[in-house]
Amino acid sequence: MIGFGLVSLAADVVSDGARPLSGPLLAQLGASALVVGLVTGGAEAAAQGLRLLFGPWADRTRKYWTFTLAGYALTAVCVPLLAVAPWAGEAGLVLASVLIIGDRVGKAVRSPAKTVLLAAVAKPVGRGRGFAVHKSLDLVGALLGPVLVAAVLAATGNLSAAFSALSVPAAAAIFLLLWLRHRVPDPGPRQPPPEAGGGPQAVEPAPPGAAGRPVSLLSGSFALFAVSAFFWSAGLVAFGVISFHLTTTAAIPVAVVALLYAGAMAAAALGALASGVIYDRSGGRVLLALPLLVAAVPVLALAPAAAVAFIGVLVWGTALGIQDSTVKALVADLVPEQRQGTAYGVFAAFEGAGALAGGVLYGALYGTRPLLIAAVAVLQLLSFVVLVVALRRTRGPLRQP
């Protein structure tokens with residue numbers, strides 16, 4: 001877990017160092033609030049939705065390391081290249097949009113495969129704690145990245161210089177990943193269950209459905225959980241829209257926005273750790289806090305007053321930390337190990353569809369804040385109700401006394 005956490009730490013210095021700058025960069029290149037919403041929402045949709053392709057693909061080939069390496073390499077290339085966008089003339093906005101989305105496509109390529117590896121490593125210590133520890137190291141990088149770009153911006157006042165500085169941790173992430181690759185092999189093929197009278201069973205088979213086939217992922221608690229995820233993802237605005245608001249409406253300097261994002265990542269780390277520990281003790285009910293947090297984000301983060309917006313950024317970070325850690329632990333416990341890569345891909349597709357819908361929602365309603373707040377509140381009420389139903393249908397470790 002520590003090795004994977006260090007890789008994620010270095011990679012998130014890169015990806016999350018660039019994330020608070022995406023809105024200001026697009027605004028500098030002439031983008032409107034709707035364009036920012038579409039690009040950042042589309043990027044998050046790609047990061048989630050394309051896992052529906054890469055999750056099953058990784059399960060079929062079982063080349064989990066190949067997908068992990070390719071995904072990290074894509075991020076390591078796309079983010080530093082954003083330094084070129086301000087110098088690309090009329091093509092700068094298109095180039096920046098492609099690179100921002102390309103970074104998140106890298107996330108889609110690597111995440112299902114990497115999460116299968118993490119689930120296997122974390123199982124002996126408890127998946128809630130294991131994912132929380134990994135996510136906390138991941139979020140240390142997400143905190144250090146914005147601090148790094150804030151320092152570069154304070155010294156140079158130049159967005160291109162800030163993006164260029166991220167090439168150093170990008171190279172470090174690839175080096176660490178290659179070092180770890182030689183020490184952690186790809187999981188081997190699943191062993192079939194032994195015949196009667198044979199030796200001990202090595203792997204528990206998937207629960208059978210009709211004609212002995214595995215039960216469909218799109219049934220039962222997993223499907224309800226995925227639907228709930230669609231609704232909360234549609235309400236959890238991409239930070240690009242928040243940073244656009246902070247720099248254009250609240251008139252906050254870009255360097256300060258980067259530091260605010262670092263604070264959000266600290267809140268995310270605390271949210272991941274706390275919810276992970278509670279999950280291992282009390283089950284999935286801890287996730288009922290997520291729709292409530294998401295509903296508060298547009299009320300606070302898009303407020304005209306800077307002080308209120310700062311609080312909203314912290315609430316946004318806490319919700320993100322829970323979504324990116326404890327939610328994955330529940331998915332791992334809901335499906336057979338043989339189908340975890342596919343399950344993460346399917347689940348992320350629901351989150352990605354929600355993120356795309358949310359990007360359009362925030363971009364279209366940005367100028368009418370009361371209507372936006374009401375729309376997000378309705379989405380989170382639906383998410384809460386569906387999640388309650390999903391948890392009531394769940395048995396075993398997810399409904400501990």
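Figure 1. Helix 16 (residues 369-392) contains 24 residues and spans 35 Å from its first C-alpha to its last, close to the 34 Å expected at 1.5 Å a residue; the expected span is 1.5 Å times one less than the number of residues. Helices (H or I, at least four residues) and strands (E, at least two) are DSSP runs, numbered from the N terminus. Buried residues of helix 16 are L372, V376, L379, Q380, S383, V386, L387, A390 and L391, where buried means under 20% relative accessible area, exposed over 50% and partly exposed in between (1.4 Å probe, protein chains only). An α-helix has 3.6 residues a turn, so residues three or four places apart point the same way. This is a predicted model in which local features need pLDDT of at least 70 and side-chain atom pairs count only at pLDDT 80 or more, while totals for chains, interfaces and linings use all residues. Residues are numbered from 1 along each chain as its sequence is written, and side-chain values use heavy atoms, with hydrogens and water left out.

**Figure 2. Packing of helix 4 against helix 8.** Helix 4 and helix 8 (residues 167-181) pack at an angle of about 170 degrees, and their axes are 9 Å apart. Axes are lines fitted to C-alpha atoms, for helices over the stretch in contact, and angles run from 0 to 180 degrees between N-to-C directions. Helix 4 and helix 8 are therefore roughly antiparallel (angles under 35 degrees count as roughly parallel, over 145 as roughly antiparallel, 65 to 115 as roughly perpendicular and the rest as oblique). From helix 4, W65, T68, L69, Y72, A73, A76 and P80 meet S167, A170, I174, L177, L178, L180 and R181 of helix 8, contact meaning heavy atoms within 4.5 Å. The residues of this contact comprise eleven nonpolar, two polar and one charged; Ala, Val, Leu, Ile, Met, Phe, Trp, Tyr, Cys and Pro count as nonpolar, Asp, Glu, Lys and Arg as charged, and the others, Gly among them, as polar.

**Figure 3. Packing of helix 9 against helix 14.** The axes of helix 9 (residues 220-235) and helix 14 (residues 326-334) are 10 Å apart, and the two helices pack at an angle of about 160 degrees. Helix 9 and helix 14 are therefore roughly antiparallel to each other. In helix 9, S221, F222, F225 and W232 meet V327, L330, V331 and L334 of helix 14. By class, this contact of helix 9 with helix 14 has seven nonpolar residues, one polar and no charged.

**Figure 4. Helix 10 and the loop residue A251.** Helix 10 (residues 239-248) is largely enclosed by the rest of the structure, because eight of its ten residues are buried. These buried residues are F239, G240, V241, I242, S243, F244, H245 and L246. A251 is found in the loop between helix 10 and helix 11 (254-282) and counts as exposed at 59% relative accessibility. A251 has a positive phi of about 55 degrees although it is not a glycine. Most residues other than glycine have a negative phi.

Figure 5. L53 lies in helix 3 (residues 51-61) and counts as partly exposed, at 46% relative accessibility. The C-alpha atoms of L53 and G345 are separated by 6.8 Å, although these residues are 292 residues apart along the chain. R62, in the loop between helix 3 and helix 4 (64-81), has a positive phi of about 60 degrees without being a glycine. At 15% relative accessibility, R62 counts as buried.
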